[in-house]
Amino acid sequence: MPTTRSLALAFLGAPTLWALHLALSYFLVSLGCETGWAGAKPAVIAATILCAAAAMSIGLFAWKQRKAA
């Protein structure tokens, strides 16, 4: 039986990650534009890959919780 905490993670985990990704991306792009930092684009790509992997793992977790219920 899924717990309240696991249901909250399954339901809110991925949207929260993508909201954080959006804020981080805006920050990195503005930092790159203001300072001329050439690493802004690779940093945004790395953040995107990291958030996508985390969202997929949360999706897998949610799928396993569904199968367990």
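Let's start with the buried residues of H1: Ser6, Gly13, Leu17, His21, Ser25, Leu28 and Gly32. Buried means under 20% relative accessible area, with exposed over 50% and partly exposed in between (1.4 Å probe, protein chains only). A word on the source: this is a predicted model, where local features need pLDDT of at least 70, side-chain atom pairs count only at pLDDT 80 or more, and totals for chains, interfaces and linings use all residues. Numbering runs from 1 along each chain as its sequence is written, and side-chain values use heavy atoms, leaving out hydrogens and water.

Now the helix itself. H1 covers residues 4-35, 32 residues in total. Helices here are DSSP runs (H or I, at least four residues), numbered from the N terminus. From first C-alpha to last, H1 reaches 44 Å, close to the expected 46 Å. That expected span is 1.5 Å times one less than the number of residues.

Where does H1 bend? At leucine 12, by about 45 degrees. The bend is the angle between axes fitted to the seven residues ending there and the seven starting there. Proline 15 follows within four residues. Just after H1, glycine 36 has a positive phi of about 75 degrees.

What covers those buried residues? The cover includes helix H2 (40-68). Take serine 6, in H1. Serine 6 counts as buried because its relative accessibility is 9%. Leaving aside residues up to four places away in sequence, serine 6 touches Phe61 and Gln65. Contact means heavy atoms within 4.5 Å.

Terms used:
Helices (H or I, at least four residues) and strands (E, at least two) are DSSP runs, numbered from the N terminus.
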